[in-house]
Amino acid sequence: MNKQLALAALRQELGETNVVTDPEELLCYGYDATPDLPEGKPDVVVTPQTTEQVAQVLKIARRFRLPVYPRGAGTNLSGGTVPLRGGIVLCTVKMNRILEIDPVNLTATVQPGVIIQELNQAVAPHGLIYPPDPGTVATATMGGSVAECSGGLRGLKYGVTRNYVMGLEVVLANGEVLRCGGKTVKNVTGYDLVRLFTGSEGTLGVITEITVRLIPAPPCRETMLAGFAQLADAGNTVTHIIQHKVIPATLEIMDRVTVEVVESYARIGLPTDVAALLLIEIDGIPEVVQREAETVREIVLRNGGWLQTAADDVQREKLLAARRAALPALARVKPTTILEDATVPRSEITTMLLSIEEIACKYRLTIGTFGHAGDGNLHPTILADARDPEEMQRVRSAVEEIFRVALSLGGTLTGEHGIGIAKQRFLPWEMGETGLWVLRQIKRALDPDYLLNPDKLVPQEGGEAN
């Protein structure tokens, strides 16, 4: 009865077209881009168009004690939007307006449903860019990107989402609207609430407006592809480039497995007789680009590699497309694709690469590794079949070992994908019980009824991690 009353209240506040209850449509919101995780089914999907409507949804949810699962495009890779307890999926895709581009203050203000690529297209005529550049840049929304604090291909030089979020409007669990931050470059008033909500995975509030910092587009760039006969040589090249104080905009790696699969999938012309490829892009003023590109060439050759330079933007786009194709290409090989997100200090990148290779042999698995090598963020991708229980047990053992190695090297469980459901059980390994206690206290203070994206990021107080 409560659910029927809640549905009636939602229809009254949002209108019939923004309240979805068709069983077939609900199935589409029971999962996200994360494999090998439990699926759910919401009781209803709502698509609000204003902050006021979002606030009403949360007030109704609180009145009827229904969980709420904020969702953007559903491209996240940690199970962060799966509605495990039914309830309400709050999808922000209709809140897709760019509210302001302010070239004087170098900011843009957007609603959460704006696609990242569309924001960059809008600011390009002003000679500006929004640097965060996840692999799903053409489909990922700003709200989801902020909630997950996503990184991307330009993270090495330009940082990740948290480095660009200046202000937020957030609807809290009780339906109240909070504004924090703004356009000022300096702001130390109170706790840093903008940072708190950035990366909170929808567990503390629903983001309804975002003000981000923009930067001038670099005037010059040089894009290079380097190949290596030994995986260790590619890893050492990454370390040596950073040691020589060259910070490329992009420094990506694809190992042999990934290169072969991507070339078979995309037919871009990648050489497949390599142990690894590095995609390297230097940008900035022409004199600096020329000098740093020459340093990169010397380091690649010193480590036994070869180097090709993209002759024009067409070749550059092909190389970037090859890197972005890594995950969809690997996903075609076997029915189940387990994409992980182990991150280590850059000085340990070679050790981590070789450890993943050893783990693949130990557990008799095919693992394709790609990722943002320049910032130590690797994506070991295990190709398996969920219908084979014995193989999946080996997969889970391999994943645990990958994270144990990463943590032993001073790394972290996740560089950009978040915790969601997928990594909750590993949280004590990195944060300890005191760290978990702090997370629970923050959650309890802002969402005492535990209705906002429950079972994600941190387990409910008194419960166990998944």
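Here are a few notes on the sheet and the aromatic contacts in this predicted model.

1. Starting with the sheet: five strands make an open, antiparallel arrangement, ordered S5-S6-S10-S8-S9. S5 (98–102) and S9 (177–181) are the edge strands, each with a single partner, so one side of each has no neighbour in the sheet. From one strand to the next, the twist averages 10°.

2. H3 (residues 51–64) packs on it, touching S8 (165–171), S9 and S10 (206–213), and its direction makes about 50° with that of S8. H4 (residues 116–123) lies across S5, S6 and S10, running at about 40° to S5.

3. On to the rings: the structure has three aromatic pairs. One of them is Phe403 with Phe426, where the centres are 5.1 Å apart and the planes sit at 55°, so this pair counts as tilted. It joins distant parts of the chain, with Phe403 in H14 (residues 389–408) and Phe426 in the loop between H14 and H15 (427–446), 23 residues apart.

4. Phe426 also forms a tilted pair with Trp429, at 4.8 Å centre to centre and 55° between the planes.

5. Finally, charges over rings. Arg404 lies over the face of Trp429, 3.8 Å from the ring centre. The charged end of Lys443 sits over the ring of Tyr450, 4.9 Å from its centre.

Technical notes:
Residues are numbered from 1 along each chain as its sequence is written. This is a predicted model: local features need pLDDT of at least 70, side-chain atom pairs count only at pLDDT 80 or more; totals for chains, interfaces and linings use all residues. Side-chain values use heavy atoms; hydrogens and water are left out. Two strands pair if DSSP finds at least two bridges between them. Helices (H or I, at least four residues) and strands (E, at least two) are DSSP runs, numbered from the N terminus. Axes are lines fitted to C-alpha atoms, for helices over the stretch in contact, and angles run from 0 to 180 degrees between N-to-C directions. Contact means heavy atoms within 4.5 Å. Rings of Phe, Tyr and Trp (its six-membered ring) pair if their centres lie within 6.5 Å; planes under 30 degrees apart count as stacked, over 60 as edge-to-face and the rest as tilted. A charge sits over a ring if NZ of Lys or CZ of Arg is within 6 Å of the ring centre and within 35 degrees of the ring normal.
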